[in-house]
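Please keep the sequence and the model in view while reading.

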Amino acid sequence: MNINFNPSLMRFVRNLLIIILVAKALSLVMLWYFAYEGVHHHANNSKLPEYKRYNANNIIKPTKKPDPKTASEPTSEEAQELAAYGPNISNMVLKGLFKRKSGGLVIIALRAKPNDSEVISIDEVYQGYTLIKILKNGAIFDKNGETFSLYFSEEQQKDRYASRPSKSNLADDDGGIKQVAKTDIVKYAKNVKQIWKDIGIVEVKKAGKITGFKVTRIKPNTPFAQLGLRKGDIIIKANNKAMTSYKDAIAIYKGIDKLEALELVVLRNNQETEINYEIY
Amino acid sequence: MKKIGLFILYTLFFVAALLFFTPKENLYYYAEEQLKPLGVVIGYEEAIDHGFSLEIQHAKLYVQKIKSANISTTHIALYGLYNSVSIENIVLDKTFEQFFPPLIEQIDIYQNVFSPMHIKAEARGDFGEANATVNLLERSAAVTLRPSKMMLSRYKNTLRQLKRSKEGDYRYEYKF
């Protein structure tokens with residue numbers, strides 16, 4: 001068999017192949033020069049600043065403003081107990097506090113400037129005083145190894161629960177942070193079947209891999225209906241952990257009773273939406 | 001004449017082959033590394049090499065460690081003679097809602113070989129429409145904004161930072 005190739009066509013094809021080889025070689029040189037992986041953002045477990053993780057509705061604060069002229073004296077038994085920690089800080093005023101097992105925060109201001117409030121959490125320093133403990137009716141500070149206390153004035157004591165909302169309001173949305181009762185979580189943990197009666201969730205797969213969990217139905221008038229989730233939402237992250245397997249979902253479910261805050265990222269109408277919860 | 005024609009053909013073929021083989025994902029990661037010292041981090045994104053262009057999906061933009069925006073899709077096309085970056089659906093973080101409408105539908109940034117020291121950009125979104133030019137020689141940038149009704153009514157404080165022209169546009173100029 002005798003096959004005749006056009007020599008000029010062969011030369012043309014050969015030159016194209018050489019060009020491809022040179023281009024490929026150059027790209028390999030570039031590969032060596034460029035970066036192998038992208039820059040990652042390292043976030044804390046919660047992206048919210050600490051003061052934002054609390055629902056302001058839960059802060060105990062008197063409705064009446066403290067009188068800057070009146071020094072707060074411990075009159076009740078609670079206040080006397082507080083005073084036992086150390087002398088009162090006379091130049092500051094306690095405007096509100098939020099206490100929980102793992103810490104909390106206080107809202108304080110200088111008596112001379114009562115409107116310039118600061119939010120201080122445990123171990124933070126204000127005017128040289130380090131907040132070391134939060135009690136029901138006041139806070140304990142440390143300065144140069146000496147302990148000081150700061151508490152609500154008598155007038156504030158009488159009034160301090162006045163601004164606290166009723167329990168029924170606590171589940172409402174407040175600036176994007178929703179309230180979830182730990183008792184509800186415990187109830188569902190004991191009765192897993194009830195979860196599937198109240199909410200329908202299926203996995204979402206892309207190229208054979210789980211990319212999230214889709215909410216298919218939510219039963220009205222159940223705790224799930226209060227969570228801010230909607231039918232069609234795809235939960236893609238929980239506390240910055242991508243939900244790419246049942247293992248990830250179960251890990252969150254198992255540890256939820258230990259959490260004090262939960263941040264869900266859901267895909268809603270192809271847009272990512274964050275839902276923040278405070279577990280009380 | 002035939003030789004010149006062949007030379008042009010081979011050159012174009014070489015450029016096309018080089019564009020195709022360029023490790024675009026790695027080039028993008030390299031650009032990310034250059035942005036990091038400026039406090040700009042693009043995270044959680046998925047980079048897809050389409051041969052002659054690169055697509056970045058579901059990126060989150062952090063500026064100085066603050067989550068600033070979610071970016072749905074970015075198309076990057078670097079053809080040498082004509083380069084463009086098209087960004088779709090930018091949703092600014094809630095933190096910025098007080099200053100700027102959260103949804104930017106599209107930003108197109110382009111540069112061509114006939115004017116290599118000038119970069120142009122067009123954007124549209126809830127804020128209205130905007131054009132921008134960057135002069136790399138003079139190290140200056142100018143933005144012209146035609147605000148929407150929403151921008152005019154809700155974001156007056158932001159507009160006060162800009163210079164109003166007789167035509168009703170708002171201009172912002174700066175040197176870098």
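In which helix of chain B does Met150(B) lie? Met150(B) belongs to helix H3 of chain B, which covers residues 149–154. The model is predicted, and the points below treat its two chains, the contact between them, two individual residues and the confidence of the prediction.

**The two chains**
- Chain A contains 6 helices and 14 strands.
- In chain B, the secondary structure amounts to 4 helices and 11 strands.
- Chain A has 280 residues, and 22% of them are buried.
- Chain B has 176 residues, of which 16% count as buried.
- Considering contacts in chain A between residues at least 6 apart in sequence, 52% join residues at least 24 apart.
- For chain B, among contacts between residues at least 6 apart in sequence, 31% join residues at least 24 apart.

**The contact between the chains**
- Chain A contributes 21 residues to the contact, and chain B contributes 22 residues.
- On the side of chain B that touches chain A, the elements giving two or more residues are helix H1 (2–21), helix H2 (24–35), strand E1 (40–43), strand E3 (54–63) and strand E4 (66–78) of chain B.
- This side of chain B comprises 13 nonpolar, 4 polar and 5 charged residues.

**Helix H1 of chain A and its partner**
- Helix H1 of chain A runs over residues 7–33 and has 27 residues.
- From its first C-alpha to its last, H1(A) reaches 39 Å, close to the 39 Å expected at 1.5 Å a residue.
- H1(A) is hardly covered, since the count of buried residues among its 27 residues is 1.
- The axes of H1(A) and H1(B) come within 8 Å and cross at roughly 40 degrees; the crossing is right-handed.
- On the H1(A) side, the residues that meet H1(B) are Asn15(A), Leu16(A), Ile19(A), Ile20(A), Ala23(A), Lys24(A), Leu26(A) and Ser27(A).
- Their partners in H1(B) are Tyr10(B), Phe13(B), Phe14(B), Ala17(B), Leu18(B) and Phe21(B).
- By class, the contact of H1(A) with H1(B) has 11 nonpolar, 2 polar and 1 charged residues.
- An α-helix has 3.6 residues a turn, so residues three or four places apart point the same way.

**Two individual residues**
- Met150(B) is exposed because 12 other C-beta atoms lie within 10 Å, and a residue with 12 or fewer counts as exposed.
- Leaving aside neighbours within four places in sequence, Met150(B) is in contact with Pro101(B) and Asp126(B).
- Met150(B) and Phe127(B) are 23 residues apart in sequence, and their C-alpha atoms are 6.9 Å apart in space.
- Ile140(A) lies in strand E6 of chain A, residues 138–143.
- Ile140(A) counts as partly exposed because it has 19 C-beta neighbours inside 10 Å, whereas a buried residue needs 20 or more.
- Apart from residues up to four places away in sequence, Ile140(A) touches Tyr85(A), Ile132(A), Lys133(A), Leu135(A), Thr147(A) and Ser149(A).
- Ile140(A) and Ile89(A) are 51 residues apart in sequence and 9.7 Å apart in space, from C-alpha to C-alpha.

**Confidence in chain A**
- The mean pLDDT of chain A is 74, and 70% of its residues reach 70 or more.
- Among the elements of chain A, H1(A) has the highest mean pLDDT (90), and helix H3 (residues 154–159) of chain A has the lowest (62).
- Over residues 161–175 of chain A, pLDDT stays under 50, and the model has 20 contacts beyond four places in sequence for this stretch.
- Where pLDDT is low, the predicted coordinates should not be read in detail.

Conventions: Residues numbered from 1 in each chain as written. Chains lettered and ligands numbered in written order. Predicted model: local features only at pLDDT ≥ 70, side-chain atom pairs only at ≥ 80, totals over all residues. Contact = placed C-beta atoms within 7 Å. Nonpolar A, V, L, I, M, F, W, Y, C, P; charged D, E, K, R; others polar. Expected span 1.5 Å × (residues − 1). Axes fitted to C-alpha atoms, helices over the stretch in contact; angles between N-to-C directions. Left-handed = near helix turned anticlockwise from the far one by under 90°. pLDDT = per-residue confidence, 0-100.
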